[in-house]
Amino acid sequence: MDMTSWTGLFFWGFLIFYGAAMLALSPRSVTLGGFFEGQDKYGRSVAPWLLTSSIFISRIFAKSVTNAANLGASYGLVGGLAYAMYWLSIPLTGFVIYRLRRRFAATGLVSFLSSHYGHAAALAFTAAILIRLFNEVWSNTAVVGGYYGTSGSAEFIAAALLFTAVTLGYSLRGGLRSSILTDAAQMAIFIVALIWVLGLVLPQHTAAELSSTSHWSLNAGVDLLLVAGLQALSYGFHDPVLTDRGFISEERTMRRAFLLAGILGFVSILAFSLIGVHAQLTGLPASENVPAALAKTMSIGALLVMTVVMVSAAGSTLDSTFSSLAKLVGRELPLLAGRDLGARAIGLGMAAMVLFALLGNLPMIAGTDILKATTISGTMVIGLAPVFILHGLTTPTRLGFHLSFWTGLCLGIALTLDWIPPSWAIGDGKYALLLGTNLYGLLLCTQGYLLPGWLRGCH
């Protein structure tokens, strides 16, 4: 984009206006309850509708919306459905957290693991969370940068860094309370813009045309659909943006919010994949950012609306990433070490936000594939599914946790380094090896989790 043109100034102006608006919406919350648990100034828990909107929009990552459209362009509706499957992890996570809170009085996943599986388990889990939060920074800022320039260009990097700076600004102001209040505005912006974008492209095709690009075979996207179904069993548990919201309101209110947000997310992602289907039907060349490429072939208005969609989706995820990071570093890790920092926890959390804002953008500057932030990390944490879903159904053991967790992590690393043997592949599609690794890996993790408990019960 030409930064000297009026159009360029308009787009840069929008980014600055967005930051100012979010800062105005954000309260200056200085209480521990507001900064870490989203309470209002009277100490009240988050309202149910605010909780639902926050879960929904903070999980609609900019990279997710982009991936949905990219997969729609590659595999048709099958691709969109495959990616939408990840949102079924939200209700599942909500029901599991509800059970852990009711039956085991859990107040957070880190403290829960420390109590039932030991400090080493809690630290291993924390390391996985930190990797996840690191990935969320660059993978979302890179998407926003893509609307201002090509990957690696000065405009691309400048837009991504400016977006990071404005999000960091209002996140430092109020922590989780800021995140939740701005989420409501970001959800409204996202839904209006999404309907507008769909209104621009969908009337051009019949239902038969939209479904004609789908083929129900393993090598046409069904392998990724099955991968997403398997990873949905564990995916939500290593996302503190999601799980932090599972402990800040009454249990039944939380469970209902997770269910509604999951349904809304599933429908929204599936709907956005239709933009990719449209791109395929119109012969748009494949790219790593189909929505941006498509918008640039349409009017300036369409490009602006698509930019609004991405900025609102990325902003809601990035501010939630910062608030989750602050809670993890400022409160949960010190408590794990037996220390309560009190009000000093806020300062430590703010320092962690700033550090991650700087370091987390390095992969964006270097350039990397945003889909990998989902599929690879999703494989690495498949060992969390047995730990949380099966807890209490068999004798929980520290060894069981580690056998399950580290098996999944090692398989994820092996997949990244191309160490998984081709014989593990299921089918011959692009995601055949990923599918085999996740299916066989989940079976191995489950066996590793259950075996020590069974052996202990036999003695």
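# Burial, helices and cavities

User: A105 lies in the loop between α6 and α7. Why is A105 called exposed in this predicted model?

Analyst: The relative accessible area of A105 is 58%. The term "exposed" requires a value over 50%, so A105 qualifies with its 58%.

User: Which residues of α6 are buried, and what covers them?

Analyst: The buried residues of α6 include S89, I90, P91, T93, G94 and V96, and also I97, Y98, R99, L100 and R101. Among the elements that cover them are α3 (48-59), α7, α11, α12, α13 (251-281) and α19 (384-389).

User: How do you know that the span of α11 agrees with its number of residues?

Analyst: Helix α11 runs over residues 222-235 and has 14 residues, so at 1.5 Å a residue it should span 20 Å. Its end C-alpha atoms are 19 Å apart, which agrees.

User: What makes α11 largely enclosed by the rest of the structure?

Analyst: Eleven of its 14 residues are buried, so the conclusion follows from that count. Among the buried residues are V222, L224, L225, V227 and L230, and also D223, Q231, S234 and Y235.

User: Why does A69 count as buried?

Analyst: A69, in helix α4 (residues 62-75), has a relative accessibility of 0%. Buried means under 20%, so A69 is buried. Leaving out residues up to four places away in sequence, A69 touches F272, S273, G276, V290 and P291. A69 and G276 are 207 residues apart in sequence, but their C-alpha atoms are 4.1 Å apart in space.

User: Which residues have the most contacts inside the largest nonpolar core, and which element supplies its largest share?

Analyst: That core has 129 residues, and those with the most contacts inside it are I60, L113, Y148, F190, F272 and F388. Helix α15 (residues 300-336) supplies the largest share, 17 residues. Another core, of six residues, lies apart from it; W138, F156, I157 and M364 are among its members. As for F272, its contacts beyond four places in sequence are V65, A69, L194, P291, M306, V309 and M310.

User: Why is S312 called buried?

Analyst: S312 belongs to helix α15. Its relative accessibility is 1%; the limit for buried is under 20%, and S312 therefore counts as buried. Apart from residues up to four places away in sequence, S312 touches Q186, I189 and F190.

User: Why is F356 called buried?

Analyst: F356, in helix α16 (residues 344-359), has a relative accessible area of 15%. The cut-off is under 20%, so F356 is buried. Not counting residues up to four places away in sequence, F356 touches L130, L133, F134, V137, L325 and N361.

User: How many cavities of 30 Å³ or more does the structure hold, and which residues line the largest cavity?

Analyst: The structure holds three such cavities, and about 80 Å³ of space lies in the largest. T107, G108, L109, V110, F125 and I129 are among the residues lining the largest cavity, and P240, T243, D244, F247, K327 and E332 also line it. At least two lining residues come from each of α7 (109-117), α8 (119-145), α12 (240-243) and α15.

User: What makes up the lining of the largest cavity by class?

Analyst: Six of the lining residues are nonpolar, three are polar and three are charged.

Definitions and conventions:
Residues are numbered from 1 along each chain as its sequence is written. This is a predicted model: local features need pLDDT of at least 70, side-chain atom pairs count only at pLDDT 80 or more; totals for chains, interfaces and linings use all residues. Side-chain values use heavy atoms; hydrogens and water are left out. Helices (H or I, at least four residues) and strands (E, at least two) are DSSP runs, numbered from the N terminus. The expected span of a helix is 1.5 Å times one less than its number of residues. Buried means under 20% relative accessible area, exposed over 50%, partly exposed in between (1.4 Å probe, protein chains only). A nonpolar core is a set of buried Ala, Val, Leu, Ile, Met, Phe, Trp, Tyr and Cys residues joined through side-chain atoms within 4.5 Å. Contact means heavy atoms within 4.5 Å. On a 1 Å grid over the protein atoms alone, a cavity is a set of points where a 1.4 Å probe fits but cannot get out, and a pocket is an open set with protein on both sides within 12 Å along at least five of seven lines; lining residues have an atom within 4 Å of a point. Grid points are joined across faces, edges and corners, and a volume is the space filled by probe spheres set on the points. Ala, Val, Leu, Ile, Met, Phe, Trp, Tyr, Cys and Pro count as nonpolar, Asp, Glu, Lys and Arg as charged, and the others, Gly among them, as polar.
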